[in-house]
Amino acid sequence: IGASHGTAKVIDVTLDGVLTPTYADQGFQQMMAKCSGCQIVDTVHLTLADLGSGAAQQKVATALQANPSATYLDSPFDSAIPAFIAGAVKASGRKNLQIMGDECFSVNLNYIRTAGPESACSALAEDWGEWAAVDTLNRLFAGETQAQLPDTGVGFQLVDKTHNLPSSGDYVPPVNFKAAYEKVWGT
């Protein structure tokens, strides 16, 4: 919405029957509904069978061909981009399409570094969540109640060509959370 200045025309790709992508898509649709100048021009409903059969790439390719005015594509998860979205975009010849992904895996960060096909993703440091889980267990075993547990600080961060993109390798959060936990644990 912000990048398009409220004029996004989006192909929404979603994975039906799987809760995380379903909930993420519901949130996406709610935010798009708040943008009076934006439009979801097509929704590509995928199933797990589509992912296994190769039909997913064909469904995305069909949506790209049917919607030449689309300026954005919302992917249900980052691994979908190298698995079938990149192939569909390449075959379509579309160079003006902005693609938003999710987890910011290494291959997806490389797409952003090399101008395509992905243009942004929302990074989450998976290991931060693991360290937070250990910290929570430590605190509970030490007698703290759930109400006393601090906010872990774990969250998503937008990554695009000009924001939060490491020059190489994986996404690294701007906070040294490991050192913070080690300090609290006295290690």
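## Helix packing and pockets in a predicted model

The crossing of helix 3 and helix 4 is right-handed, a crossing being right-handed if the near helix is turned clockwise from the far one by less than a right angle, and left-handed if anticlockwise. Contact here, meaning heavy atoms within 4.5 Å, involves Ala 56, Gln 57, Val 60, Ala 61 and Leu 64 of helix 3 with Ala 83, Phe 84, Ile 85, Gly 87, Ala 88, Val 89 and Ser 92 of helix 4. These residues comprise nine nonpolar, three polar and no charged; Ala, Val, Leu, Ile, Met, Phe, Trp, Tyr, Cys and Pro count as nonpolar, Asp, Glu, Lys and Arg as charged, and the others, Gly among them, as polar.

The model is predicted, with local features requiring pLDDT of at least 70 and side-chain atom pairs pLDDT 80 or more, whereas totals for chains, interfaces and linings use all residues. Residues are numbered from 1 along each chain as its sequence is written, and side-chain values use heavy atoms, without hydrogens and water.

The axes of helix 3 (residues 55–66) and helix 4 (residues 80–92) come within 8 Å and cross at roughly 40 degrees. Helix 3 and helix 4 are therefore oblique to each other, the class left after under 35 degrees (roughly parallel), over 145 (roughly antiparallel) and 65 to 115 (roughly perpendicular).

Helix 4 also packs against helix 5 (residues 106–113), at an angle of about 45 degrees and with the axes 9 Å apart. Ile 81, Pro 82 and Ala 86 of helix 4 meet Val 107, Asn 108 and Tyr 111 of helix 5. This contact of helix 4 with helix 5 has five nonpolar residues, one polar and no charged.

### Pockets

A pocket is an open set of points on a 1 Å grid over the protein atoms alone, where a 1.4 Å probe fits, with protein on both sides within 12 Å along at least five of seven lines; lining residues have an atom within 4 Å of a point.

| Pocket | Volume | Lining by class |
|---|---|---|
| Largest pocket | about 750 Å³ | 17 nonpolar, nine polar, five charged residues |
| Second largest pocket | about 340 Å³ | seven nonpolar, four polar, five charged residues |

Of the 31 residues lining the largest pocket, Ile 1, Phe 28, Tyr 72, Asp 74 and Met 100 lie nearest its centre. Helix 1 gives the largest share of this lining of the largest pocket, seven residues.

The second largest pocket is lined by 16 residues, with Arg 94, Lys 95, Ala 115, Gly 116 and Pro 117 nearest its centre. Helix 4 and strand 4 each give two or more residues to this lining, and helix 4 has the largest share, three residues.

Notes: Axes are lines fitted to C-alpha atoms, for helices over the stretch in contact, and angles run from 0 to 180 degrees between N-to-C directions. Helices (H or I, at least four residues) and strands (E, at least two) are DSSP runs, numbered from the N terminus. Grid points are joined across faces, edges and corners, and a volume is the space filled by probe spheres set on the points.
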